[in-house]
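Open your viewer and get a cartoon view ready, with side chains at hand. We will go from one selection to the next.

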Amino acid sequence: MDFKSEILSYEEIAEIVRAAAKVGVRSIRLTGGEPLIRRDLERLVTLVAAIPGIEDISLSTNGLLLAEQAQRLRDAGLTRANISLDTLREDRFETIARRPGLHRVLAGIDAAFAAGLGPIKLNCVVMARAER
């Protein structure tokens, strides 16, 4: 099966948002998998931001690619970001994410603030320390 052919185009997504806006939807969240891996995501944000009635566009992300894209996305019309932050310890991050990159997530958070995205929500789960 060719999964790429199953993914909606930006124009198809914008058409769905346009229909939703006509019935009163005002806020859109881009999520699912990791939206920042989609090529030219700012083009989708531009399309959605141009739809009458849409007042708020947010993005849910793991933050790994956010530093490189935050300002372009803000310029395109993104208003907010929800960023997953599983831990502040690099060794735990690598265990959870199965790759290094805590520094990239933290840089993404900084870039989101610098770009004026907000409010920024950090998604995390606080856990009790295991007994030693």
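Here is a short tour of this predicted model, from its core to its helix contacts and then to some backbone details.

**Stop one: the core.** Select Ile54, Leu59 and Ile83. Within the largest nonpolar core, which has 34 residues, these three touch the most other members. Now colour the elements that each supply at least two residues of this core: helix 1 (10-22), strand 1 (27-30), helix 2 (41-49), strand 2 (56-61), helix 3, strand 3 (80-84) and helix 5. Helix 5 gives the largest share, 6 residues.

Stay with Ile83 and show what surrounds it. Beyond its neighbours within four places in sequence, Ile83 is in contact with Thr61, Asn62, Gly63, Leu66, Val105, Ile109, Ala112, Ile120, Lys121, Leu122 and Asn123.

**Stop two: helix 3 against helix 5.** Select residues 66-76 for helix 3 and 102-115 for helix 5; their axes come within 8 Å and cross at roughly 20 degrees. An angle under 35 degrees counts as roughly parallel, so helix 3 is roughly parallel to helix 5. The crossing is right-handed. To see the contact, show Leu66, Ala67, Ala70, Gln71 and Arg74 from helix 3, which meet Ala107, Gly108, Ala111, Ala112, Ala114 and Ala115 from helix 5. By type, the residues of this contact are 8 nonpolar, 2 polar and 1 charged.

**Stop three: helix 2 against helix 3.** On the helix 2 side pick Leu41, Glu42, Val45, Thr46 and Ala49; they meet Gln69, Arg72, Leu73 and Ala76 of helix 3. This contact divides into 5 nonpolar, 2 polar and 2 charged residues.

**Stop four: the loops.** Which bond joins Gly118 and Pro119? Zoom in and you will find a cis peptide bond, with omega at about 5 degrees. Pro119 sits in the loop between helix 5 and strand 4 (120-123).

Next, pick Asp40 in the loop between strand 1 and helix 2. Asp40 is not a glycine, yet its phi is positive, near 55 degrees. With 44% relative accessibility, Asp40 counts as partly exposed.

Finish at Arg98, in the loop between helix 4 (90-97) and helix 5. Arg98 is another residue other than glycine with a positive phi, about 60 degrees, and its relative accessible area of 74% makes it exposed.

Technical notes
Residues numbered from 1 in each chain as written. Predicted model: local features only at pLDDT ≥ 70, side-chain atom pairs only at ≥ 80, totals over all residues. Heavy atoms only, no water. Axes fitted to C-alpha atoms, helices over the stretch in contact; angles between N-to-C directions. Helix = DSSP H or I, 4+ residues; strand = E, 2+ residues; numbered from the N terminus. Parallel < 35°, antiparallel > 145°, perpendicular 65-115°, else oblique. Left-handed = near helix turned anticlockwise from the far one by under 90°. Contact = heavy atoms within 4.5 Å. Nonpolar A, V, L, I, M, F, W, Y, C, P; charged D, E, K, R; others polar. Core = buried A, V, L, I, M, F, W, Y, C linked by side-chain atoms within 4.5 Å. Buried < 20%, exposed > 50% of the residue type's maximum accessible area, 1.4 Å probe, protein only.
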